[in-house]
Amino acid sequence: MTVRLRLSMKGRRHDKIFHLVAIDIRRRRDAKPIEMLGIFDPRLQSGQPYKSVQWSVDRIKYWLGVGALPSKPVVRLLEMGQIIPPNSKYHPKALGPLAAL
């Protein structure tokens, strides 16, 4: 079973939040995940200068360690959060032209 780290949409229209999940690669976007790893809220809350991300770093590193592949948006978030280094083996440029398939 191939596991992928990706974002799952939750919430109402124009009021979305995204869950960072570990899920079987063959399942649909909002299917029941193997494990929920974090929450990304792209909306700015009143009085906050930044968007909020809450995640479990040790569980993310566990899933990456056992071979889970992160999606491109997840790689971008993990690089901004300094969980994985920039230009890591998960970066789209490092995967080569076959990663676009």
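Predicted model: local features only at pLDDT ≥ 70, side-chain atom pairs only at ≥ 80, totals over all residues.
Q: What makes β4 and β5 the edge strands?
A: The open sheet has 5 strands in the order β4-β3-β2-β1-β5, with mixed pairing. β4 (52-55) and β5 (69-70) each pair on one side only.

Q: Which strands does helix α1 lie across, and at what angle to β3 does it run?
A: Helix α1 (residues 57-65) lies across β1, β2 (15-24), β3 (35-41), β4 and β5, and runs at about 120 degrees to β3. Helix α2 (residues 72-80) lies across β1, β2, β3, β4 and β5, and its angle to β1 is about 90 degrees.

Q: Why is Asp24 called buried?
A: Asp24, in strand β2, has a relative accessible area of 10%. Buried means under 20%, so Asp24 is buried.

Q: What makes the pair Asp24 and Arg26 a polar contact?
A: The side chains of Asp24 and Arg26 come to 3.0 Å. The cut-off for a pair of N or O atoms is within 3.5 Å, one able to donate a hydrogen and the other to accept it. The pair therefore counts as a polar contact.

Q: Which residues does Asp24 touch, not counting those up to four places away in sequence?
A: Asp24 touches Met1, Thr2, Arg6 and Ile34.

Note on methods. Residues numbered from 1 in each chain as written. Heavy atoms only, no water. Pairing = 2+ DSSP bridges. Helix = DSSP H or I, 4+ residues; strand = E, 2+ residues; numbered from the N terminus. Contact = heavy atoms within 4.5 Å. Axes fitted to C-alpha atoms, helices over the stretch in contact; angles between N-to-C directions. Buried < 20%, exposed > 50% of the residue type's maximum accessible area, 1.4 Å probe, protein only.
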